[in-house]
Amino acid sequence: MNAIAKELGIDFNVTTYVARHSFATILVTEGNAPLEFVGQSFGHANISTTQNYFSGFDKKKQVEFNKALLDFSSLS
């Protein structure tokens, strides 16, 4: 994952946690997926576990971060 990140110009350590958290955040903020779907995708037994993924940032900030994550215009 770090080799791909480096090729994309991402200059921080990309871990499976980063990928997992990004997956969840994109599903919710860009795909409007319900937290229950994300929780089921992750195998969470309790919705509160899934809610903890989103407790640190408000929805508006998550959308802002995801737009930056998905902006590939700087790669060309």
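Trainee: How many of the residues count as buried?
Mentor: Buried means under 20% relative accessible area, exposed over 50%, and partly exposed in between, with a 1.4 Å probe and protein chains only. Here 24% of the 76 residues count as buried. This is a predicted model: local features need pLDDT of at least 70, side-chain atom pairs count only at pLDDT 80 or more, and totals for chains, interfaces and linings use all residues. Residues are numbered from 1 along each chain as its sequence is written, and side-chain values use heavy atoms, with hydrogens and water left out.

Trainee: What does the secondary structure come to?
Mentor: Helices (H or I, at least four residues) and strands (E, at least two) are DSSP runs, numbered from the N terminus. The protein has five helices and zero strands. The order from the N terminus is α-α-α-α-α.

Trainee: What share of the contacts joins residues 24 or more positions apart?
Mentor: A contact means heavy atoms within 4.5 Å. Among contacts with a separation of 6 or more, 43% join residues 24 or more positions apart.

Trainee: How do I read an aromatic pair, and which residues form one here?
Mentor: A pair of aromatic rings is described by the distance of the centres and the angle of the planes. Rings of Phe, Tyr and Trp (its six-membered ring) pair if their centres lie within 6.5 Å; planes under 30 degrees apart count as stacked, over 60 as edge-to-face and the rest as tilted. The whole structure holds one such pair. Phe-23 and Phe-42 are tilted, 5.8 Å centre to centre with 35° between the planes.

Trainee: Why does the pair tie together parts that are 19 residues apart in sequence?
Mentor: Phe-23 belongs to helix H2 (residues 16-29) and Phe-42 to helix H3 (residues 35-42), so the pair links these parts. Phe-23 is partly exposed at 41% relative accessible area. Phe-42 counts as buried, at 14%.

Trainee: Which residue lies over the face of Phe-42?
Mentor: A charge sits over a ring if NZ of Lys or CZ of Arg is within 6 Å of the ring centre and within 35 degrees of the ring normal. Arg-20 lies over the Phe-42 face, 3.8 Å from the ring centre.

Trainee: Where is Phe-37, and how far is Phe-37 from Ile-47?
Mentor: Phe-37 sits in helix H3. Its relative accessible area is 41%, partly exposed. Phe-37 and Ile-47 are ten residues apart in sequence, and their C-alpha atoms are 9.7 Å apart in space.
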